[in-house]
Amino acid sequence: MDSEALWLTLRLALTTTALLLAIALPVAWWIASGNGPLRALAQSVVALPLVLPPTVLGFYLLVALGPLTAPGRLIIHLLGHPLAFSFSGLVIGSILYSLPFAVQPLVAGFRAVDPALLEVASTLGASPLRVFTTITLPLAKPSLVTAAVLTFTHTVGEFGVVLMLGGNIPGATRTLSIALYDQVQDFNYAAANRTAELLLAFSLLTLLAIYWRGAARRPLLG
Amino acid sequence: MDSASGSTPAAEKTCSPAAHLNVQIRHRIGALQIDLDFALDKPWTILFGPSGSGKTTILRAIAGLLKPDEGRILSTTMPGSQIENRLTLFDSDQGVFTSAHQRDIRFAPQQPQLFPHMNVTENLLYGIAWTTLNPQQMLHAVKGAREILQSFGLEHLSGVGVNRLSGGEAQRLNLARAVTATSSRMVLLDEPFTGMDNTRRDQLLPYLQGRFAEHVIPVLSVTHDVAEAFQLGAEVIKIADGKVIAQGPVDIVLAEERLRLLQQLNR
């Protein structure tokens, strides 16, 4: 068992989830708070990782974060090393790759909140921020949980972006899915089996937890 | 005062200096063209008119939930009010639109809109700006909230989730929440007593009148109930098709409706 890869995978998934939620909350709030071409464009861009092969995203990030572009050179100048082939680079890639899994449930959750409630809150003197934190967010809590769990599991299962952007550096970019690929390349099927089992069990348990939670809540809502 | 504000046609009215609210708005909503010019100078004014005449739209425009196509709405607080200033709520010429949360105008919509994740007390106290109060004022607010729960017959439900309230209880909490703050610029009530049983209404009306008078908070309420208008003895603005037909004391403006009601009762 590759415990270093397991630890790295969990660390990557946790970091990505925390950062992505911080980004997705205001983005989803903005998208949900109106209509128009700008919001439609934002939604399309957010949804892109759903349809793009992850290797495309990984390739663009590899180029963008490397010394070939101005932003890449700036990052190298600031950090002293390129973001590609590093843990931070993986976090950026994972955030972009999981963007729709965080933003879309939140947009749906925010839109489901009755606007009449938000109006009444504002006539009671609540600023837009207070309305968001005390009415919208609590009422959209199930969506927030869904967004967090989906982001986490999706990051755990990510392969293409990591392969293109991270390479295979133990402790820095070698996640479980990469380790599995590596083990198969080495014909080490016993180790590959254990890694695959671990990923399968984890994914199944997480999904079970979500659906069980949903099933337990339903009678209360009815 | 009464003679000055008899049933004058809306077109002859100009910006009244004694008024606490001046409304001149034009707004199109669906097939209805709203074109209004009126001033409020009484503690309690009633918007009276058939459904679809634009009453709710007027309340929403004053509350800041709707931006009229053009016109202006000017608020001046009455002497003795805790809020001492003039405020332009809306002015299309100057591009002014004060956000709803900055107007200090409380609005109880016709359909109860209670926050489903909060209990009765939490709903009631949502509009209290705790951060601006000193400890004594906080204590006062809590005491006031208890008194309101009692007056609205909700005291036994203070910790109950609002999803478990009956329709009548939800309606009363919806109303109570809008009148809890003692320092409002104005209170807007959309059909506050529709569907409420008469005993409860007879109890609540004088209580609300007293409370608003005590804190010098002017009220604009919507109704199409003639009896309710007479019970309040308030100033009435009669609306039809988005226009003001008449404004004045209830016994003058609604004399015709009163007569019709009496004839029906005598039949």
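Start in chain B, at B:Glu191, which sits in the loop between β8 (186-190) and α5 (198-214) of that chain. This is a predicted model.

Check the backbone of B:Glu191. Its phi is near 45°, a positive value in a residue other than glycine.

Now switch to chain A and select A:Phe187. You are in the loop between α10 (176-185) and α11 (189-221) of chain A. A:Phe187 is not a glycine, yet its phi is positive, at about 60°.

Next stop: the interface. Select the residues of chain A that are in contact with chain B. There are 14 of them, facing 15 residues of chain B. Which elements of chain A give two or more residues to this side? They are α6 (115-123) and α7 (128-139). Highlight α6(A) for a closer look: it gives the most to the side of chain A that touches chain B, with seven residues.

Finally, colour that side of chain A by residue class. Nine of its residues are nonpolar, four are polar and one is charged.

Definitions and conventions:
Residues are numbered from 1 along each chain as its sequence is written. Chains are lettered from A and ligands numbered from 1 in the order in which they are written. This is a predicted model: local features need pLDDT of at least 70, side-chain atom pairs count only at pLDDT 80 or more; totals for chains, interfaces and linings use all residues. Two residues are in contact if their C-beta atoms, placed from the backbone, lie within 7 Å. Helices (H or I, at least four residues) and strands (E, at least two) are DSSP runs, numbered from the N terminus. Ala, Val, Leu, Ile, Met, Phe, Trp, Tyr, Cys and Pro count as nonpolar, Asp, Glu, Lys and Arg as charged, and the others, Gly among them, as polar.
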